[in-house]
Amino acid sequence: MASHARLDHRNPLVFDTHELGRRPGALQRLTRTIDAPQDLGIQGVIGVPEGNPVELELRLESVMEGVLVTGTARATAEGECVRCLEPLEQELEADFQEMFSYPDADDRGRVKAEPADDAEDDEDRLFLEDGLFDLEPVLRDAVVLALPMQPVCQEDCPGLCSECGARLADDPDHHHDAVDIRWAALQGIAGSLESGDKDEMSGAEAGVDEKQEK
């Protein structure tokens, strides 16, 4: 297990399990409202703004190898619709369950004769530290899994006009007349011919007038 800073019991995401003791089957239920930590969510897409309230409901159960933590986090996430780019809010409910192991017990809950030196076995495990555990990494993972990778303001959001960028939900009848570029070229030629014909007619009329004057 890699060394790290000691847990601070004053941190709102650090919880104390001393009341459980090491009695398998002992239960403790906790509720706590915390301020959301920085970057809680999918960065640049959707998340819970830093400082916004996050409601936690936890169930702590003492088992042979540690403390099993089951819980739910509720908060309001904010982001941007990927279709129309309008701001949006979404109620978040993230469930999680994690085992926090006793550092001196093996997978079967037995006290180790000697401290383990197998980094591979401990790499993916979370441990209690002096009866404390830090919920933040578990909470972050749960929130990311509960949030959409491509949030939309509504399921049938039509998005933006590809030609002018107008929000189509504000104007359901919004459209642009489609012009076939092949016809556009012919129309240009036709326009030039019409202009030439008009010039010729004007010249002819002018000649007639001159003859009449003579």
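Q: Which residues of the largest nonpolar core touch the most other members?
A: In soluble globular proteins, nonpolar side chains tend to be buried together. In this predicted model, the largest nonpolar core has 36 residues, and those touching the most other members are Val-48, Val-54, Leu-56, Val-69, Phe-133, Leu-135 and Leu-139.

Q: Which elements each supply at least two residues of this core?
A: The contributors at that level are strand 3 (40-42), strand 4, strand 5, strand 6, strand 7 and helix 2 (136-146).

Q: What does Val-48 touch, not counting residues up to four places away in sequence?
A: Under that exclusion, Val-48 is in contact with Ala-36, Leu-40, Val-54, Ala-75, Thr-76, Ala-77 and Leu-92.

Q: Which residues are buried in helix 2?
A: They are Val-138, Leu-139, Ala-142 and Val-143. Viewed down the helix axis, the buried residues of helix 2 fall within an arc of 130°, so they line one face. The face turned away from that buried side carries Asp-141 and Leu-145, which are exposed.

Q: What do the buried residues of helix 2 pack against?
A: Their packing partners are strand 2 (27-35), strand 3, strand 5, strand 6, strand 7 and strand 8 (126-127).

Q: Turning to the strands, in which sense do strand 5 and strand 6 run, and how many bridges join them?
A: When reading a strand pair, take the sense, the bridges and then the connection. Strand 5 (residues 53-63) runs antiparallel to strand 6, with 9 bridges joining them.

Q: How many bridges pair strand 6 and strand 7?
A: There are 15 bridges between strand 6 and strand 7 (residues 87-101), and the sense is antiparallel. Thr-72 stands opposite Asp-95 of strand 7, and Leu-68 has Met-99 in strand 7 as a bridge partner. This pair also forms a hairpin, here with 6 residues between the strands, and Leu-85 in the turn has a positive phi of about 65°.

Q: Over how many bridges do strand 4 and strand 6 pair?
A: Strand 4 (residues 46-48) pairs with strand 6 (residues 66-80) over 2 bridges, in the antiparallel sense. Gly-47 is placed opposite Glu-78 of strand 6.

Q: In what sense do strand 7 and strand 8 pair, parallel or antiparallel?
A: Strand 7 and strand 8 pair in the parallel sense, over 2 bridges. Phe-100 stands opposite Leu-126 in strand 8.

Q: What sits over the ring of Tyr-102?
A: The charged end of Arg-22 does, 3.7 Å from the centre of the Tyr-102 ring. Both Arg-22 and Tyr-102 are among the contacts of Ser-62.

Q: How many aromatic pairs does the structure hold?
A: The structure holds 2 aromatic pairs. To classify a pair, read the distance between centres and then the angle between planes. For Phe-15 and Phe-133 the centres are 5.5 Å apart and the planes lie at 15°, so the pair is stacked. This pair links distant parts of the chain: Phe-15 is in strand 1 (residues 14-16) and Phe-133 in strand 9 (residues 132-134), 118 residues apart.

Q: Is Phe-15 buried or exposed?
A: Phe-15 counts as buried because its relative accessibility is 1%. Phe-133 counts as buried too, at 0%.

Q: Which residues do ring pairs link into a cluster?
A: The cluster consists of Phe-15, Phe-100 and Phe-133.

Note on methods:
Residues are numbered from 1 along each chain as its sequence is written. This is a predicted model: local features need pLDDT of at least 70, side-chain atom pairs count only at pLDDT 80 or more; totals for chains, interfaces and linings use all residues. Side-chain values use heavy atoms; hydrogens and water are left out. Two strands pair if DSSP finds at least two bridges between them. Helices (H or I, at least four residues) and strands (E, at least two) are DSSP runs, numbered from the N terminus. Rings of Phe, Tyr and Trp (its six-membered ring) pair if their centres lie within 6.5 Å; planes under 30 degrees apart count as stacked, over 60 as edge-to-face and the rest as tilted. Buried means under 20% relative accessible area, exposed over 50%, partly exposed in between (1.4 Å probe, protein chains only). A charge sits over a ring if NZ of Lys or CZ of Arg is within 6 Å of the ring centre and within 35 degrees of the ring normal. A nonpolar core is a set of buried Ala, Val, Leu, Ile, Met, Phe, Trp, Tyr and Cys residues joined through side-chain atoms within 4.5 Å. Contact means heavy atoms within 4.5 Å. The arc is that of the directions from the helix axis to the C-beta atoms.
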